[in-house]
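Dear colleague,

I am handing over a structure to you, and below it I have set out, one topic at a time, what was found in it. Please keep it in view while you read.

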Amino acid sequence: MTSRTGRNTESSAALWAERADLAESAIVARHLRPLWAIPGTTLGVVGWPATKRERAFMFWHYWWQAHLIDCAVDAANRAPTPIRRRRISTIAQGMRTRNLTGWTNNYYDDMAWLAIALERAERTQGITEVRGGLLALEKDLYTGFEPQFGAVPWRRGSDYFNAPANGPVGIAMARLGRYTRAQEISDWLDHTLRDKDSGLIVDGIHLPSGEIETPTYSYCQGVVLGLETELAVHTGEPRHVDRAVRLLAAIEEHLVAGGVVAGDGGGDGGLFNGILIRYLALMALMLPGEEQAQVNARRGAAAIVCRSAVAAWENRLDVDGNPLFGADWRQPARLPRISGAGMLEGGSITASRTPERDLSVQLSGWKLMEAAHVVCAAGF
(Lines give C-alpha, C1' and ligand atoms only; values in the text may rest on other atoms or scores of the structure.)
Protein backbone atom coordinates (compact mmCIF):
# COMPACT_ATOMS: atom_id res chain seq x y z
CA MET A 1 0.00 0.00 0.00
CA THR A 2 1.25 3.49 -0.85
CA SER A 3 0.00 6.66 0.84
CA ARG A 4 -0.93 9.91 -0.87
CA THR A 5 2.64 11.08 -0.28
CA GLY A 6 4.01 8.04 -2.10
CA ARG A 7 5.54 6.46 1.01
CA ASN A 8 5.21 2.70 1.42
CA THR A 9 2.96 2.58 4.47
CA GLU A 10 3.17 -1.19 4.93
CA SER A 11 6.92 -1.10 5.51
CA SER A 12 6.59 2.05 7.63
CA ALA A 13 3.85 0.50 9.78
CA ALA A 14 5.96 -2.64 10.21
CA LEU A 15 8.91 -0.53 11.33
CA TRP A 16 6.85 1.27 13.95
CA ALA A 17 5.31 -2.01 15.08
CA GLU A 18 8.83 -3.31 15.70
CA ARG A 19 9.70 -0.19 17.67
CA ALA A 20 6.47 -0.42 19.65
CA ASP A 21 7.39 -4.03 20.46
CA LEU A 22 10.72 -2.83 21.82
CA ALA A 23 9.08 -0.05 23.86
CA GLU A 24 6.75 -2.65 25.37
CA SER A 25 9.68 -5.01 26.02
CA ALA A 26 11.54 -2.25 27.87
CA ILE A 27 8.61 -1.60 30.21
CA VAL A 28 8.08 -5.32 30.83
CA ALA A 29 11.76 -5.90 31.60
CA ARG A 30 12.41 -2.84 33.76
CA HIS A 31 9.13 -2.05 35.46
CA LEU A 32 6.63 -4.92 35.61
CA ARG A 33 6.52 -7.27 38.58
CA PRO A 34 3.88 -9.08 40.65
CA LEU A 35 2.28 -7.11 43.46
CA TRP A 36 3.57 -8.45 46.77
CA ALA A 37 4.14 -11.88 45.12
CA ILE A 38 0.36 -12.34 44.79
CA PRO A 39 -0.48 -14.68 41.89
CA GLY A 40 -2.46 -13.11 39.06
CA THR A 41 -1.33 -9.54 39.79
CA THR A 42 1.08 -7.17 38.04
CA LEU A 43 1.96 -3.52 38.56
CA GLY A 44 4.52 -1.13 37.14
CA VAL A 45 7.36 -0.14 39.45
CA VAL A 46 7.37 3.65 39.23
CA GLY A 47 11.12 4.12 38.80
CA TRP A 48 14.09 2.46 37.09
CA PRO A 49 16.53 1.84 38.62
CA ALA A 50 14.11 1.38 41.53
CA THR A 51 14.43 1.95 45.25
CA LYS A 52 13.42 -0.81 47.68
CA ARG A 53 10.28 1.13 48.61
CA GLU A 54 9.29 1.42 44.97
CA ARG A 55 9.88 -2.29 44.33
CA ALA A 56 7.66 -3.03 47.33
CA PHE A 57 4.92 -0.79 45.84
CA MET A 58 4.86 1.56 48.82
CA PHE A 59 4.58 4.11 46.00
CA TRP A 60 2.52 3.05 43.00
CA HIS A 61 0.67 6.08 41.53
CA TYR A 62 -2.84 4.96 40.54
CA TRP A 63 -3.15 7.01 37.36
CA TRP A 64 0.23 5.88 36.00
CA GLN A 65 -0.99 2.29 36.26
CA ALA A 66 -4.17 3.21 34.38
CA HIS A 67 -1.99 4.43 31.52
CA LEU A 68 0.04 1.24 31.75
CA ILE A 69 -3.19 -0.69 31.10
CA ASP A 70 -3.98 1.61 28.17
CA CYS A 71 -0.56 0.94 26.63
CA ALA A 72 -0.99 -2.80 27.20
CA VAL A 73 -4.30 -2.58 25.33
CA ASP A 74 -2.52 -0.77 22.48
CA ALA A 75 -0.06 -3.65 22.16
CA ALA A 76 -2.79 -6.29 22.29
CA ASN A 77 -4.78 -4.46 19.62
CA ARG A 78 -1.72 -4.21 17.40
CA ALA A 79 -0.65 -7.84 17.77
CA PRO A 80 -3.04 -9.95 19.87
CA THR A 81 -1.48 -12.73 21.93
CA PRO A 82 -2.62 -14.65 25.03
CA ILE A 83 0.29 -13.16 26.99
CA ARG A 84 -0.77 -9.61 26.14
CA ARG A 85 -4.40 -10.25 27.03
CA ARG A 86 -3.38 -11.81 30.33
CA ARG A 87 -1.08 -8.89 31.09
CA ILE A 88 -4.02 -6.46 30.83
CA SER A 89 -6.02 -8.58 33.27
CA THR A 90 -3.21 -8.94 35.79
CA ILE A 91 -2.43 -5.21 35.82
CA ALA A 92 -6.11 -4.46 36.39
CA GLN A 93 -6.19 -6.97 39.23
CA GLY A 94 -2.98 -5.50 40.63
CA MET A 95 -4.59 -2.06 40.67
CA ARG A 96 -7.72 -3.37 42.38
CA THR A 97 -5.66 -5.17 45.02
CA ARG A 98 -3.18 -2.34 45.69
CA ASN A 99 -5.96 0.25 45.90
CA LEU A 100 -7.17 -1.68 48.98
CA THR A 101 -10.67 -0.16 49.19
CA GLY A 102 -11.96 -0.97 45.70
CA TRP A 103 -11.59 0.42 42.22
CA THR A 104 -12.29 4.07 43.00
CA ASN A 105 -10.46 6.85 44.84
CA ASN A 106 -11.05 10.52 45.57
CA TYR A 107 -9.65 11.95 42.32
CA TYR A 108 -11.93 12.24 39.31
CA ASP A 109 -9.04 12.46 36.87
CA ASP A 110 -7.51 9.23 38.23
CA MET A 111 -10.82 7.38 38.03
CA ALA A 112 -11.52 8.65 34.51
CA TRP A 113 -8.19 7.38 33.23
CA LEU A 114 -8.87 3.95 34.66
CA ALA A 115 -12.40 3.93 33.24
CA ILE A 116 -11.03 4.76 29.77
CA ALA A 117 -8.47 1.95 30.02
CA LEU A 118 -10.92 -0.66 31.32
CA GLU A 119 -13.55 0.25 28.73
CA ARG A 120 -11.01 -0.25 25.95
CA ALA A 121 -9.86 -3.53 27.50
CA GLU A 122 -13.41 -4.86 27.56
CA ARG A 123 -14.49 -3.50 24.16
CA THR A 124 -11.41 -4.33 22.11
CA GLN A 125 -10.04 -7.40 23.90
CA GLY A 126 -13.16 -8.91 25.46
CA ILE A 127 -11.75 -8.79 28.98
CA THR A 128 -15.05 -9.05 30.81
CA GLU A 129 -13.59 -9.46 34.28
CA VAL A 130 -13.08 -5.67 34.44
CA ARG A 131 -16.83 -5.05 34.08
CA GLY A 132 -17.38 -4.64 37.83
CA GLY A 133 -14.64 -2.05 38.07
CA LEU A 134 -15.95 -0.18 35.06
CA LEU A 135 -19.46 -0.01 36.51
CA ALA A 136 -18.15 1.33 39.83
CA LEU A 137 -16.06 3.97 38.08
CA GLU A 138 -18.88 5.00 35.74
CA LYS A 139 -21.23 5.54 38.68
CA ASP A 140 -18.75 7.77 40.54
CA LEU A 141 -17.83 9.76 37.45
CA TYR A 142 -21.43 10.36 36.45
CA THR A 143 -22.62 11.37 39.92
CA GLY A 144 -19.51 13.51 40.50
CA PHE A 145 -20.84 16.04 37.98
CA GLU A 146 -21.94 19.24 39.75
CA PRO A 147 -24.83 20.78 37.75
CA GLN A 148 -24.52 24.21 39.39
CA PHE A 149 -21.08 24.54 37.80
CA GLY A 150 -21.47 22.26 34.77
CA ALA A 151 -18.39 20.15 35.43
CA VAL A 152 -16.68 17.71 37.79
CA PRO A 153 -14.13 18.86 40.36
CA TRP A 154 -10.52 17.67 40.38
CA ARG A 155 -11.23 15.63 43.50
CA ARG A 156 -14.14 15.02 45.83
CA GLY A 157 -14.98 18.15 47.82
CA SER A 158 -12.61 20.40 45.88
CA ASP A 159 -13.44 23.87 44.56
CA TYR A 160 -11.08 23.33 41.60
CA PHE A 161 -12.63 22.34 38.28
CA ASN A 162 -9.99 21.57 35.69
CA ALA A 163 -9.33 20.20 32.22
CA PRO A 164 -7.24 17.23 33.45
CA ALA A 165 -10.34 15.88 35.21
CA ASN A 166 -13.13 17.02 32.90
CA GLY A 167 -11.42 16.03 29.65
CA PRO A 168 -10.99 12.34 30.51
CA VAL A 169 -14.33 12.21 32.33
CA GLY A 170 -15.95 13.51 29.15
CA ILE A 171 -14.13 10.92 27.02
CA ALA A 172 -15.21 8.16 29.42
CA MET A 173 -18.81 9.37 29.32
CA ALA A 174 -18.79 9.43 25.51
CA ARG A 175 -17.37 5.93 25.26
CA LEU A 176 -19.93 4.67 27.74
CA GLY A 177 -22.75 6.13 25.64
CA ARG A 178 -23.56 9.07 27.91
CA TYR A 179 -23.33 11.64 25.12
CA THR A 180 -25.46 14.32 26.76
CA ARG A 181 -23.20 14.46 29.80
CA ALA A 182 -20.10 14.36 27.59
CA GLN A 183 -21.45 17.31 25.59
CA GLU A 184 -22.23 19.27 28.74
CA ILE A 185 -18.60 18.84 29.77
CA SER A 186 -17.21 19.71 26.32
CA ASP A 187 -19.32 22.87 26.18
CA TRP A 188 -18.14 23.86 29.67
CA LEU A 189 -14.50 23.31 28.73
CA ASP A 190 -14.81 25.41 25.58
CA HIS A 191 -16.73 28.24 27.22
CA THR A 192 -14.80 28.33 30.50
CA LEU A 193 -11.20 27.19 29.95
CA ARG A 194 -10.37 28.12 26.34
CA ASP A 195 -7.94 31.01 26.25
CA LYS A 196 -9.30 33.50 23.74
CA ASP A 197 -5.84 34.74 22.73
CA SER A 198 -3.89 31.51 22.20
CA GLY A 199 -6.82 29.17 21.58
CA LEU A 200 -5.32 26.69 24.05
CA ILE A 201 -7.09 25.18 27.04
CA VAL A 202 -5.93 26.51 30.40
CA ASP A 203 -5.61 24.25 33.41
CA GLY A 204 -8.67 25.08 35.51
CA ILE A 205 -10.87 27.39 37.54
CA HIS A 206 -11.81 27.69 41.20
CA LEU A 207 -15.56 27.88 41.66
CA PRO A 208 -17.55 29.75 42.69
CA SER A 209 -14.74 32.32 43.13
CA GLY A 210 -13.90 32.31 39.41
CA GLU A 211 -10.13 32.36 39.93
CA ILE A 212 -8.50 30.83 36.86
CA GLU A 213 -5.18 28.99 36.82
CA THR A 214 -3.66 29.64 33.42
CA PRO A 215 -0.94 27.04 32.62
CA THR A 216 -1.56 25.40 29.23
CA TYR A 217 -0.24 21.88 29.72
CA SER A 218 0.00 19.58 26.72
CA TYR A 219 -2.30 16.98 28.22
CA CYS A 220 -5.05 19.56 28.72
CA GLN A 221 -5.03 20.03 24.96
CA GLY A 222 -4.92 16.29 24.36
CA VAL A 223 -7.95 15.38 26.41
CA VAL A 224 -10.10 18.17 24.94
CA LEU A 225 -8.99 17.18 21.44
CA GLY A 226 -9.97 13.60 22.21
CA LEU A 227 -13.33 14.57 23.66
CA GLU A 228 -14.27 16.80 20.72
CA THR A 229 -13.22 14.07 18.28
CA GLU A 230 -15.31 11.44 20.08
CA LEU A 231 -18.34 13.73 20.07
CA ALA A 232 -17.83 14.71 16.44
CA VAL A 233 -17.98 11.03 15.51
CA HIS A 234 -20.90 10.02 17.73
CA THR A 235 -23.17 13.08 17.58
CA GLY A 236 -22.45 14.50 14.12
CA GLU A 237 -22.75 18.03 15.52
CA PRO A 238 -20.50 20.46 13.62
CA ARG A 239 -19.33 22.41 16.68
CA HIS A 240 -17.22 19.48 17.82
CA VAL A 241 -15.40 19.21 14.51
CA ASP A 242 -14.86 22.97 14.44
CA ARG A 243 -13.46 23.00 17.98
CA ALA A 244 -11.09 20.12 17.26
CA VAL A 245 -9.76 21.81 14.11
CA ARG A 246 -9.33 25.12 15.93
CA LEU A 247 -7.55 23.50 18.87
CA LEU A 248 -5.16 21.63 16.58
CA ALA A 249 -4.14 24.94 15.00
CA ALA A 250 -3.37 26.33 18.46
CA ILE A 251 -1.34 23.23 19.34
CA GLU A 252 0.67 23.53 16.12
CA GLU A 253 1.38 27.19 16.83
CA HIS A 254 2.24 27.01 20.53
CA LEU A 255 3.23 23.46 21.53
CA VAL A 256 5.12 22.11 18.52
CA ALA A 257 8.68 22.96 17.44
CA GLY A 258 10.06 21.66 14.17
CA GLY A 259 7.07 19.37 13.86
CA VAL A 260 7.77 17.73 17.25
CA VAL A 261 5.77 18.12 20.47
CA ALA A 262 7.94 20.40 22.57
CA GLY A 263 8.73 20.37 26.27
CA ASP A 264 9.77 17.83 28.81
CA GLY A 265 8.80 16.58 32.22
CA GLY A 266 8.99 13.75 34.65
CA GLY A 267 6.79 12.63 37.49
CA ASP A 268 3.15 13.21 36.57
CA GLY A 269 4.35 15.54 33.82
CA GLY A 270 6.05 12.61 32.11
CA LEU A 271 2.64 11.48 30.87
CA PHE A 272 1.53 14.84 29.50
CA ASN A 273 3.04 14.70 26.00
CA GLY A 274 2.13 11.04 25.59
CA ILE A 275 -1.51 11.87 26.31
CA LEU A 276 -1.44 14.64 23.71
CA ILE A 277 0.06 12.21 21.18
CA ARG A 278 -2.60 9.56 21.87
CA TYR A 279 -5.42 11.97 21.03
CA LEU A 280 -3.62 13.50 18.06
CA ALA A 281 -3.53 9.97 16.65
CA LEU A 282 -7.23 9.54 17.46
CA MET A 283 -7.99 12.76 15.62
CA ALA A 284 -5.95 11.68 12.60
CA LEU A 285 -7.87 8.41 12.38
CA MET A 286 -11.38 9.45 13.39
CA LEU A 287 -12.16 13.14 12.85
CA PRO A 288 -15.05 13.20 10.35
CA GLY A 289 -15.43 15.50 7.37
CA GLU A 290 -14.05 15.77 3.84
CA GLU A 291 -13.76 19.54 3.55
CA GLN A 292 -10.21 20.80 3.18
CA ALA A 293 -10.06 22.03 6.78
CA GLN A 294 -10.83 18.56 8.16
CA VAL A 295 -8.52 16.77 5.71
CA ASN A 296 -5.69 19.15 6.60
CA ALA A 297 -6.36 18.70 10.32
CA ARG A 298 -6.14 14.91 10.07
CA ARG A 299 -2.91 15.16 8.11
CA GLY A 300 -1.51 17.75 10.50
CA ALA A 301 -2.28 15.64 13.56
CA ALA A 302 -0.67 12.58 11.96
CA ALA A 303 2.40 14.57 10.97
CA ILE A 304 3.01 15.68 14.57
CA VAL A 305 2.75 12.07 15.73
CA CYS A 306 5.17 10.78 13.10
CA ARG A 307 7.76 13.54 13.47
CA SER A 308 7.67 13.28 17.26
CA ALA A 309 8.16 9.51 17.01
CA VAL A 310 11.15 9.89 14.70
CA ALA A 311 12.73 12.43 17.06
CA ALA A 312 12.12 10.32 20.17
CA TRP A 313 13.51 7.21 18.51
CA GLU A 314 16.61 8.97 17.21
CA ASN A 315 17.29 10.45 20.66
CA ARG A 316 16.70 7.24 22.64
CA LEU A 317 19.33 5.31 24.53
CA ASP A 318 19.72 1.59 23.92
CA VAL A 319 20.08 -0.21 27.25
CA ASP A 320 20.40 -3.99 27.13
CA GLY A 321 18.80 -3.99 23.70
CA ASN A 322 15.72 -2.00 24.74
CA PRO A 323 15.02 1.72 24.26
CA LEU A 324 15.09 4.31 27.00
CA PHE A 325 13.20 7.41 25.87
CA GLY A 326 14.05 10.96 26.78
CA ALA A 327 11.78 13.25 28.74
CA ASP A 328 12.18 15.77 25.90
CA TRP A 329 11.87 13.92 22.60
CA ARG A 330 14.02 16.57 20.89
CA GLN A 331 17.02 15.93 23.15
CA PRO A 332 19.23 12.87 23.75
CA ALA A 333 17.95 10.65 26.55
CA ARG A 334 20.02 10.46 29.74
CA LEU A 335 20.79 7.31 31.70
CA PRO A 336 19.24 7.59 35.18
CA ARG A 337 20.61 6.46 38.52
CA ILE A 338 18.74 5.01 41.46
CA SER A 339 19.00 8.25 43.46
CA GLY A 340 16.83 11.28 43.03
CA ALA A 341 13.34 9.77 43.07
CA GLY A 342 10.33 12.05 42.70
CA MET A 343 8.17 13.02 45.65
CA LEU A 344 4.47 13.57 46.33
CA GLU A 345 3.68 17.29 46.59
CA GLY A 346 0.16 18.70 46.78
CA GLY A 347 -1.42 15.65 45.22
CA SER A 348 1.07 15.52 42.31
CA ILE A 349 4.25 13.49 41.78
CA THR A 350 7.38 15.52 41.07
CA ALA A 351 10.04 14.38 38.61
CA SER A 352 13.01 12.25 39.49
CA ARG A 353 16.34 14.06 39.30
CA THR A 354 16.80 12.39 35.89
CA PRO A 355 13.24 12.23 34.52
CA GLU A 356 14.04 9.27 32.26
CA ARG A 357 13.94 7.21 35.45
CA ASP A 358 10.18 7.67 35.76
CA LEU A 359 7.72 5.08 34.49
CA SER A 360 5.55 7.97 33.29
CA VAL A 361 8.22 9.15 30.84
CA GLN A 362 8.73 5.65 29.44
CA LEU A 363 4.97 5.11 29.11
CA SER A 364 4.79 8.26 26.99
CA GLY A 365 7.51 6.84 24.77
CA TRP A 366 5.55 3.61 24.43
CA LYS A 367 2.35 5.55 23.63
CA LEU A 368 4.26 7.43 20.96
CA MET A 369 5.55 4.29 19.26
CA GLU A 370 2.05 2.74 19.25
CA ALA A 371 0.55 5.97 17.90
CA ALA A 372 3.12 6.12 15.09
CA HIS A 373 2.21 2.58 14.15
CA VAL A 374 -1.54 3.22 13.95
CA VAL A 375 -1.24 6.40 11.89
CA CYS A 376 1.23 4.78 9.48
CA ALA A 377 -0.97 1.70 9.18
CA ALA A 378 -3.86 4.06 8.30
CA GLY A 379 -1.89 5.43 5.35
CA PHE A 380 -0.48 8.70 6.66
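**Helices that pack together**

Helix 8 and helix 9 are oblique to each other, where oblique covers the angles left over once those under 35 degrees are called roughly parallel, those over 145 roughly antiparallel and those from 65 to 115 roughly perpendicular. Before going further, please note that this is a predicted model, in which local features need pLDDT of at least 70 and side-chain atom pairs count only at pLDDT 80 or more, while totals for chains, interfaces and linings use all residues. Residues are numbered from 1 along each chain as its sequence is written, and side-chain values use heavy atoms, with hydrogens and water left out.

Helix 8 runs over residues 179–193, and its axis lies 10 Å from that of helix 9, the two packing at an angle of about 135 degrees (axes are lines fitted to C-alpha atoms over the stretch in contact, and angles run from 0 to 180 degrees between N-to-C directions). On the side of helix 8 the contact is made by Tyr179, Ala182, Gln183, Ile185, Ser186 and Leu189, and on the side of helix 9 by Val224, Leu227, Glu228, Leu231, His234 and Thr235, contact meaning heavy atoms within 4.5 Å. Sorted by class, this contact has seven nonpolar, four polar and one charged residues (Ala, Val, Leu, Ile, Met, Phe, Trp, Tyr, Cys and Pro count as nonpolar, Asp, Glu, Lys and Arg as charged, and the others, Gly among them, as polar). Helices (H or I, at least four residues) and strands (E, at least two) are DSSP runs, numbered from the N terminus.

In the pair formed by helix 3 and helix 5, the axes are 8 Å apart and the angle is about 20 degrees, which makes helix 3 roughly parallel to helix 5. Helix 3 contributes residues including Trp63, Ala66, Asp70 and Asp74 to the contact, and helix 5 contributes residues including Trp113, Leu114, Arg120 and Ala121. By class, there are 13 nonpolar, four polar and four charged residues in this contact.

The axis of helix 11 comes within 8 Å of that of helix 12 (residues 292–314), and the two cross at roughly 140 degrees; helix 11 and helix 12 are therefore oblique to each other. Ile277, Leu280, Ala281, Met283 and Ala284 of helix 11 meet residues of helix 12, among them Ala297, Arg298, Ile304 and Val305, and the contact is made up of ten nonpolar residues, one polar and one charged.

**Pockets**

The largest pocket holds about 1,000 Å³ of space, a volume being the space filled by probe spheres set on grid points, which are joined across faces, edges and corners. A pocket is an open set of points on a 1 Å grid over the protein atoms alone, where a 1.4 Å probe fits and protein lies on both sides within 12 Å along at least five of seven lines, and its lining residues have an atom within 4 Å of a point. Of the 43 residues that line the largest pocket, Asp268, Leu344, Gly347, Ser348 and Ile349 lie nearest its centre. Among the elements that each supply at least two lining residues are helix 2 (52–55), helix 3 (62–78) and helix 5 (108–125), and the lining divides into 20 nonpolar, 14 polar and nine charged residues.

The second largest pocket has about 520 Å³ of space and is lined by 22 residues, with Asp74, Arg120, Arg278, Leu282 and Leu285 nearest its centre. Helix 3, helix 5 and helix 9 (218–235) are among the elements giving two or more residues to this lining, and helix 11 gives the largest share, six residues. By class, the lining of the second largest pocket has eight nonpolar, four polar and ten charged residues.

**Backbone details**

Most residues other than glycine have a negative phi, and most peptide bonds are trans. The bond from Trp48 to Pro49 is cis, with omega near -5 degrees, and Pro49 sits in the loop between strand 2 (43–44) and helix 2. The bond from Leu207 to Pro208 is also cis, with omega near 15 degrees, Pro208 being in the loop between strand 4 (204–206) and strand 5 (211–213). Finally, Trp36, a residue other than glycine, has a positive phi, near 50 degrees, and is placed in the loop between strand 1 (32–33) and strand 2.

With best wishes
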